[in-house]
Amino acid sequence: MLQSLVTRKLWLAPLAGFTDRAFRILCKENGADVLVSEMVSADGLIRDGGKTLMLMEFGEYERPFAIQLFGSEPVVMAKAAECALDYKPDLIDINMGCPVKKVVKRGAGSALMKTPAKAAQIVKEVKQAIAGSIPLSVKFRSGWDQGSINYLDFGLIMQESGADLLCLHPRTTSQMFSGQSNWEHIAQLQKAIDIPLIGNGDISSPEKAAQIYEQTKCDAIMIGRGALGQPWIFGNIKAYLQSNIYQPRTIDLLQNTMLRHLELALQYKPEAIIIKEMRSQLCHYLKGYVGAAQIRVRLNRASSIQEYHDIISKL
Ligand SMILES: Cc1cc2nc3c(=O)[nH]c(=O)nc-3n(C[C@H](O)[C@H](O)[C@H](O)COP(=O)(O)O)c2cc1C
């Protein structure tokens with residue numbers, strides 16, 4: 001099972017606010033191999049369920065599917081993992097890389113890289129809770145800041161504690177998303193651990209995908225922002241790795257993908273929510289498009305699905 005999740009597989013990264021069911025399905029249709037839920041709060045699951053539970057819903061077509069949990073208390077995380085198992089995911093991932101203030105101030109996300117003993121306890125308890133029924137992964141960063149780079153030790157501790165695979169986004173917490181990912185950290189971690197490693201960070205083109213595999217020898221790669229506005233990146237990466245060519249972006253491809261995205265979105269959420277949420281999703285498709293600024297203004301003013309259709313069909 002584990003090998004089928006990793007060997008040269010293309011993962012869609014969890015992107016809170018973006019990787020909902022519609023976008024995940026769109027990426028799968030375009031060649032993504034493994035999908036991950038948006039991050040799910042362990043506290044939220046135990047406390048109020050509701051909206052938090054909805055984040056764990058997925059369809060058979062989305063398999064193999066990982067549910068990602070975040071939290072800071074081992075016992076709460078273990079309970080949340082039990083709850084996640086009811087949804088029958090193929091993998092549970094623990095978020096130890098989120099740099100967002102409201103997450104790290106509660107000791108969760110990348111704050112756990114400052115408390116490796118607690119992080120280890122979380123992995124052990126979650127592992128016990130899922131009782132080997134599915135693999136467990138941990139996603140983390142290079143360290144808290146430039147002065148406390150600890151991804152190597154941290155990765156080894158995660159492995160020892162029972163993680164079945166790791167994913168590294170090689171930036172520090174204080175970098176947030178600025179600067180460049182340091183792929184050398186992925187190469188070093190790959191050499192140090194015995195379990196599979198997923199490389200992540202700044203893979204925005206098929207050429208970069210080939211380069212990260214070559215430079216780091218990682219087992220699989222995970223693409224986040226590079227899929228926003230160009231979900232066809234997954235198919236293009238596969239084509240490029242196989243034959244060094246891939247389809248260019250054309251107006252047809254752009255329009256058809258935007259319309260499909262809209263169609264999928266309407267299947268899973270009410271129209272009023274889609275009108276709000278699709279603005280930023282659709283704006284991503286216009287990156288590098290001549291006249292994008294004006295179209296963005298119109299997208300931001302659109303108040304019906306019909307208006308979105310009109311804007312897209314006139315591109
Ligand atoms: C808007 C946004 C939301 C994100 N949400 C999550 C999340 O829920 N869980 C997580 O582990 N990482 C999250 N990340 C980090 C990404 O999964 C990924 O590690 C990071 O963006 C680097 O990869 P990329 O350069 O391919 O985007 C988020 C990043 C962005 C930009």
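1. The largest nonpolar core holds 89 residues, and those with the most contacts inside it are W11, L69, A81, I92, V126 and I221. A nonpolar core here is a set of buried Ala, Val, Leu, Ile, Met, Phe, Trp, Tyr and Cys residues joined through C-beta atoms within 7 Å. Buried denotes 20 or more other C-beta atoms within 10 Å of the residue's own, exposed 12 or fewer, and partly exposed anything in between, with C-beta atoms placed from the backbone. The core takes at least three residues from each of domain 1 (2-243) and domain 2 (251-313). In soluble globular proteins, nonpolar side chains tend to be buried together.

2. The model is predicted: local features need pLDDT of at least 70, side-chain atom pairs count only at pLDDT 80 or more, and totals for chains, interfaces and linings use all residues. Residues are numbered from 1 along each chain as its sequence is written.

3. The assignment divides the protein into domain 1 (2-243) and domain 2 (251-313); such bounds come from an automatic or database domain assignment. Eleven residues from domain 1 and twelve residues from domain 2 make the contact, where contact denotes C-beta atoms, placed from the backbone, within 7 Å. The domain centres, taken over C-alpha atoms, are separated by 28 Å.

4. Neighbours within four places in sequence aside, W11 is in contact with D33, V34, V36, I198, A220, I221 and M222. V126 sits in helix α7 (residues 116-130); helices (H or I, at least four residues) and strands (E, at least two) are DSSP runs numbered from the N terminus. V126 is buried because 27 other C-beta atoms lie within 10 Å. Not counting residues up to four places away in sequence, V126 touches M77, A78, A81, I92, I94 and L136. V104 is 22 residues from V126 in sequence, and the two C-alpha atoms are 20 Å apart.

5. How do α7 and helix α8 (residues 151-161) pack? Their axes are 9 Å apart, at an angle of about 30°. Axes are lines fitted to C-alpha atoms, for helices over the stretch in contact, and angles run from 0 to 180 degrees between N-to-C directions. The pair is therefore roughly parallel, given that angles under 35 degrees count as roughly parallel, over 145 as roughly antiparallel, 65 to 115 as roughly perpendicular and the rest as oblique. The crossing of α7 and α8 is right-handed, that is, the near helix is turned clockwise from the far one by less than a right angle, anticlockwise being left-handed. On the α7 side P116, A120, V123 and K124 meet F154, I157, M158 and S161 of α8.

6. Helix α9 (residues 183-192) and α10 have axes that come within 8 Å and cross at roughly 45°, so α9 and α10 are oblique to each other. This crossing is right-handed as well. W183, I186, A187 and Q190 of α9 meet I212, Q215 and T216 of α10.

7. In domain 2, the axes of helix α13 (residues 271-284) and helix α14 (residues 292-301) come within 9 Å and cross at roughly 165°. That makes α13 roughly antiparallel to α14. The contact involves R279, L282 and C283 of α13 with R296, L299 and N300 of α14. The crossing of α13 and α14 is right-handed.

8. R63 and P64 are joined by a cis peptide bond, with omega about -10°; P64 is in the loop between α4 (51-54) and β4 (65-70). A131, not a glycine, has a positive phi of about 45° and lies in the loop between α7 and β6 (136-143). A131 counts as exposed because it has 9 C-beta neighbours inside 10 Å. D202, also not a glycine, has a positive phi of about 65° and is placed in the loop between β8 (197-200) and α10 (206-216). With 20 C-beta neighbours inside 10 Å, D202 counts as buried.

9. G107 is in the loop between α6 (101-104) and α7. Is G107 buried, partly exposed or exposed? The residue counts as partly exposed because it has 14 C-beta neighbours inside 10 Å. Neighbours within four places in sequence aside, G107 is in contact with S72 and T115.

Notes: Two residues are in contact if their C-beta atoms, placed from the backbone, lie within 7 Å.
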